[in-house]
Amino acid sequence: MTTTVLALVGSAVDRFHADLSAVYATGFLGAVSDDPQYRVHIAVVTPGGRWQFVESLDAAVDEGDLTVAQAFERIAALHIDVVIPQMFCLPGMTTYRSMFDLLSVPVLGNRPAVMAMTADKNIARAVVAAAGVSVPQGDVLRAPGATTVPFPVVVKPVDSDNSVGVDVVENGSNLDAAVREALRHSDAALVEAYVPLGREIRCGIIERDGELVCLPLEEYAVDDANPIRSRADKLDRSADGDLYLVAKNSTKAWIVDTDDPVTETVWAAARTAYVALGCRHYGLFDFRIDPDGNPWFLEAGLYCSYSPGSVIAVMASAAGISVTELFALSLRELKNERPGR
């Protein structure tokens with residue numbers, strides 16, 4: 001039986017998020033488009049909110065020609081079985097996912113309400129802390145001012161991704177400038193206690209037959225010169241202007257051996273975070289490991305593009321699960337999940 005899939009690509013917000021979406025969506029389409037199990041359609045949202053339907057991303061143009069209403073008429077006629085969201089801007093992770101509830105079309109991955117909750121780093125911290133997961137002390141500032149968090153601190157926009165506007169502040173003389181920079185990207189700045197340099201770890205979880213399966217951890221390069229990951233450690237553009245993933249360089253990130261003592265500790269914390277946040281199908285959690293080996297929750301990134309370069313897909317591959325197997329597994333979970341989840 002053929003499953004009709006809609007790949008939801010692009011961004012209504014800006015070109016950066018549209019390009020980021022295209023990077024991951026290209027990998028997903030390459031992985032599944034030739035599989036006879038799937039009939040894949042591609043809908044692209046362009047900055048400004050217009051839509052277009054294309055046979056391949058190479059055929060996409062800078063501005064779509066369809067309104068939302070026209071796009072949804074087209075989607076209804078396609079009899080879509082499942083939407084695979086590839087949008088990474090805030091509306092794409094929340095509003096655009098929720099639109100498909102109007103057509104009763106299932107969307108793979110975490111629900112819009114969960115995405116909205118975890119997009120606010122301070123809310124996500126509060127939820128997992130209430131469940132017993134360690135989080136660094138933090139304040140939220142909406143204007144430059146004093147903090148109750150002892151220095152050094154990490155200042156970051158409360159709801160931005162890709163390390164935009166993030167800085168380490170050693171003392172009060174530099175705090176206001178860092179907060180102003182964070183506020184350029186968000187309505188609030190999160191001032192968080194700096195966890196002493198140890199390790200930066202990411203943990204992925206998938207669901208298989210209703211059970212939570214923790215995947216091999218991925219570790220990121222940090223040292224005295226670069227104590228936190230910056231945007232330059234994650235994304236860059238080629239000389240031709242094409243966006244690419246720096247973090248896939250083996251000097252920037254690598255899979256941790258499951259025998260590493262930190263693995264079980266991080267897995268336990270990630271499972272607790274997954275349940276507390278109400279995740280489904282998959283979850284991705286960032287931890288800072290202090291010099292004593294204790295994990296501190298930093299944030300949740302609840303997305304998976306089912307591209308070979310997607311973090312959860314890389315982790316799954318290290319566990320012997322190919323990206324196509326991962327996709328089929330998630331579709332099965334979606335089909336079999338109990339009502340209301």
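Asp 286 is buried, with a relative accessible area of 11%. Buried here stands for under 20% relative accessible area, exposed for over 50%, and partly exposed for what lies in between (1.4 Å probe, protein chains only). The model is a predicted one, in which local features need pLDDT of at least 70 and side-chain atom pairs count only at pLDDT 80 or more, while totals for chains, interfaces and linings use all residues. Residues are numbered from 1 along each chain as its sequence is written, and side-chain values use heavy atoms, with hydrogens and water left out.

**Around Asp 286**

Let us start with the strand that holds this residue. Strand 15 covers residues 282-289, and eight of its eight residues are buried. Strands (E, at least two residues) and helices (H or I, at least four) are DSSP runs, numbered from the N terminus. Tyr 282, Leu 284, Asp 286 and Arg 288 point one way from strand 15, and Gly 283, Phe 285, Phe 287 and Ile 289 point the other way.

What runs alongside strand 15? Strand 9 (residues 199-208) is antiparallel to strand 15 and joined to it by eight bridges; two strands pair if DSSP finds at least two bridges between them. Within this pairing, Ile 205 has Gly 283 as its bridge partner in strand 15. Strand 16 (residues 295-300) also runs antiparallel to strand 15, with five bridges, and Trp 296 in strand 16 is the bridge partner of Arg 288. The hairpin of strands 15 and 16 has five residues between the strands, and there Gly 293 takes a positive phi near 85°.

**Salt bridges**

Side chains of opposite charge can pair when their charged atoms come close. A salt bridge is counted when a side-chain nitrogen of Lys or Arg is within 4 Å of a carboxyl oxygen of Asp or Glu. The structure holds 10 salt bridges, including these:

| Pair | N to O distance |
|---|---|
| Arg 202 and Asp 286 | 2.6 Å |
| Glu 219 and Arg 199 | 2.8 Å |
| Asp 62 and Arg 15 | 4.0 Å |

Asp 62 lies in the loop between strand 3 (51-54) and helix 2 (68-78) and Arg 15 in helix 1, so this pair ties together parts that are 47 residues apart in sequence. Asp 62 counts as exposed at 61% relative accessibility, whereas Arg 15 counts as partly exposed at 37%. Glu 219 belongs to strand 11 (residues 218-220) and Arg 199 to strand 9, so their pair ties together parts that are 20 residues apart in sequence. Glu 219 is buried at 10% relative accessible area, and Arg 199 is partly exposed at 22%. Arg 202 counts as buried at 11% relative accessibility. Its pair with Asp 286 links strand 9 to strand 15, 84 residues apart.

**How two domains meet**

Now for a wider view. The domain assignment, automatic or from a database, gives domain 1 (3-107), domain 2 (137-193) and domain 3 (199-336). The C-alpha centres of domains 1 and 3 lie 24 Å apart. In contact, meaning heavy atoms within 4.5 Å, are 19 residues of domain 1 and 21 residues of domain 3. Together they bury about 1,700 Å², 71% of it on carbon and sulfur atoms; this is the accessible area (1.4 Å probe) that two parts lose on being put together, summed over both. Across this interface of domain 1 and domain 3, the rule finds zero salt bridges. On the side of domain 1 that touches domain 3, helix 1 (15-32) and strand 4 (82-85) are the elements that give two or more residues. Helix 1 provides the largest share, nine residues.
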